[in-house]
Amino acid sequence: MSKRQENILLSMWGVALVATMGSLYFSEIRGYEPCELCWIQRIFMYPLVIIIGIAYVQKNVKIALTTLVFSVIGGCISLYHYGIQKLDFLSDSAPACGRVPCTGQYINYLGFITIPFLALTAFVLIAGMSIYLWKSLKEEK
């Protein structure tokens with residue numbers, strides 16, 4: 001494993017860790033109860049901290065495909081969640097999500113930064129770095 005690949009893997013772990021800690025901050029410290037779509041996004045983000053952490057310790061960049069799959073699925077859910085918060089035609093037909101509506105916005109920094117947007121940003125960063133690692137593996141062969 002090259003030093004660059006190692007740094008990319010460490011960066012991916014850092015992004016996943018910050019996203020996980022951020023979601024825990026919002027729910028456990030600020031007291032924002034997550035909606036069902038937020039829970040699903042957490043299901044795809046939280047394991048990435050462990051998976052990427054183990055891959056970093058083992059110096060295993062072959063994990064790139066797994067992290068790409070997790071981040072693409074989680075990113076699609078985040079994008080949909082962000083869409084039902086910000087687009088009228090989606091929010092009007094949004095399904096009821098349980099006790100907390102998925103259209104609710106606990107934060108709305110600068111008029112567009114919501115919790116699903118933050119999750120989407122993390123998933124996109126991890127996906128981009130996963131693609132880079134995947135391509136670098138193919139170049140080594």
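Reply: A helix here is a DSSP run of H or I with at least four residues, and helices are numbered from the N terminus. The model is predicted.

Me: How is empty space in a structure found?

Reply: A probe the size of a water molecule is rolled over the atoms, and this shows where empty space is left. In this model, the largest pocket has a volume of about 470 Å³.

Me: Which residues lie nearest the centre of the largest pocket?

Reply: They are S23, F26, I115, P116 and A119, out of 31 lining residues. Helices α1 (3–29), α2, α3 and α5 (115–140) each supply at least two residues of the lining. The largest share, seven residues, comes from α1.

Me: Is Q41 buried or exposed?

Reply: Buried means a relative accessible area under 20%. Q41 has 5%, so it is buried. This residue sits in helix α2, which covers residues 36–58.

Me: Which residues is Q41 in contact with, leaving aside its neighbours within four places in sequence?

Reply: Q41 is in contact with G74, I77, S78, H81, P116, A119 and F123. Of these contacts, P116 and A119 were also named among the residues nearest the centre of the largest pocket.

Me: Now the surface. Which residues make the nonpolar patch?

Reply: L65, V69, I73 and W134 make a nonpolar surface patch of about 320 Å². Helix α3, residues 64–86, gives the most to the patch, with three residues.

Methods: Residues numbered from 1 in each chain as written. Predicted model: local features only at pLDDT ≥ 70, side-chain atom pairs only at ≥ 80, totals over all residues. Heavy atoms only, no water. Patch = residues over 30% accessible without salt bridge, like charges linked within 9 Å, V, L, I, M, F, W, Y side chains within 5 Å. Areas by Shrake-Rupley, 256 points an atom, 1.4 Å probe, with all protein chains shown as cover. Salt bridge = Lys/Arg side-chain N within 4 Å of Asp/Glu carboxyl O. Buried < 20%, exposed > 50% of the residue type's maximum accessible area, 1.4 Å probe, protein only. Contact = heavy atoms within 4.5 Å. 1 Å grid on protein atoms, 1.4 Å probe; cavity = no way out; pocket = protein on both sides within 12 Å on 5 of 7 lines; lining within 4 Å. Points joined across faces, edges and corners; volume = space filled by probe spheres on them.
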